Amino acid sequence: MTDRYAVVGNPIAHSKSPEIHAAFARQTGQDIDYAGLLAPPDGFRATVESFRDAGGKGVNVTVPFKLEAFDLADDVSQRAKDAQAANFLRFDQGRIHADNTDGVGLTRDIVRNLGLGLAGKRVLLIGAGGAAQGVLTPLLEYEPRILTIANRTVEKALRLAETFRHKPVAAASVLSGLSFGELAGHHFDVVINATSTSLHGELPPLPADAFAAGALAYDMMYAAKPTPFLAFAAARGAKTSDGLGMLVEQAAESFLLWRGVRPETAPVIAMLRNP
Ligand code: ATR
């Protein structure tokens, strides 16, 4: 029997996850089927439960359901608790286990695929919504020297910094929340865009000198052409990366959790870049 999985979201038609998991299944010889599943805005729970009741083994969860997925679970991993959101559910003997693989997807892409260290670095995380919260613990696990959260609504950046400052994982880092205006004069080795600006073709109001020499600008979104954030960073001499590698890495971590096998990500990233 082929084991069935899906990604649940709204919208879902654009999702690359079915293609990614099909490639992982071919590569590892695992007999799985992975589909895109559209849930109505008020129908996430019903969609997940009917997929499970029809024999589904697990789902990935994307916008806008990651908080609902977290609430739906019977057991929640520590990293999903830190994120207060889940992008991964596994169905097991009537119970739903939740995890969050987004953050490790980001850090694996930066550290392994792009070959850049995070330890001892000055890291700027732009945004203080769910996407930013989801990657904070995995970033802190690499012990950056400085982790600054900048947000348009500064109160949210301050709150997030305050929540994480007392966690053991933050012990090696100076964690703070700032407004964009307060970034003047600060320079960073890694600048990560976790705002929704790229979805709307907007540019977050970053000072031009935010990028230290040799800095990496990383956009958690992926798009066919460079986002305004990546274009802004490239024009100031930064190395740039979109979030395609993060997407493939979070999928690989999910595949590992479901199937016990870690797929190779490099050939899948290459396939998506050069279809
Ligand atoms: P997500 O779950 O994707 O993080 P969200 O919780 O709605 O979505 O958060 C969106 C983030 O993008 C927020 O940090 C938001 O800033 P505010 O908290 O001030 O709203 C940020 N954002 C959206 N549009 C922005 C813009 N034009 N400039 C700067 N930040 C923006």
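**Aromatic pairs and nonpolar cores**

Phe211 and Phe232 are both buried (under 20% relative accessible area with a 1.4 Å probe, protein chains only; exposed is over 50%, partly exposed in between). The model is predicted: local features need pLDDT of at least 70, side-chain atom pairs count only at pLDDT 80 or more, and totals for chains, interfaces and linings use all residues. Residues are numbered from 1 along each chain as its sequence is written, and side-chain values use heavy atoms, without hydrogens and water.

The whole structure holds 6 aromatic pairs (Phe, Tyr or Trp rings, the six-membered one for Trp, with centres within 6.5 Å; planes under 30 degrees apart are stacked, over 60 edge-to-face, the rest tilted). The ring centres of Phe24 and Phe255 lie 5.6 Å apart with planes at 70°, so this pair is edge-to-face. Phe24 is buried at 0% relative accessibility. Phe255 is buried too, with a relative accessible area of 0%. The pair of Phe211 and Phe232 is tilted, at 6.3 Å centre to centre and 55° between the planes. The charged end of Arg236 sits over the Phe232 ring, 3.8 Å from its centre (CZ of Arg or NZ of Lys within 6 Å of the ring centre and within 35 degrees of the ring normal). Tyr5, Tyr34, Phe88 and Trp258 form one aromatic cluster.

The largest nonpolar core has 27 residues (buried Ala, Val, Leu, Ile, Met, Phe, Trp, Tyr and Cys joined through side-chain atoms within 4.5 Å). Leu106, Leu125 and Ile192 have the most contacts inside this core. A second, separate core of 20 residues includes Tyr5, Ile12, Val248 and Val268.
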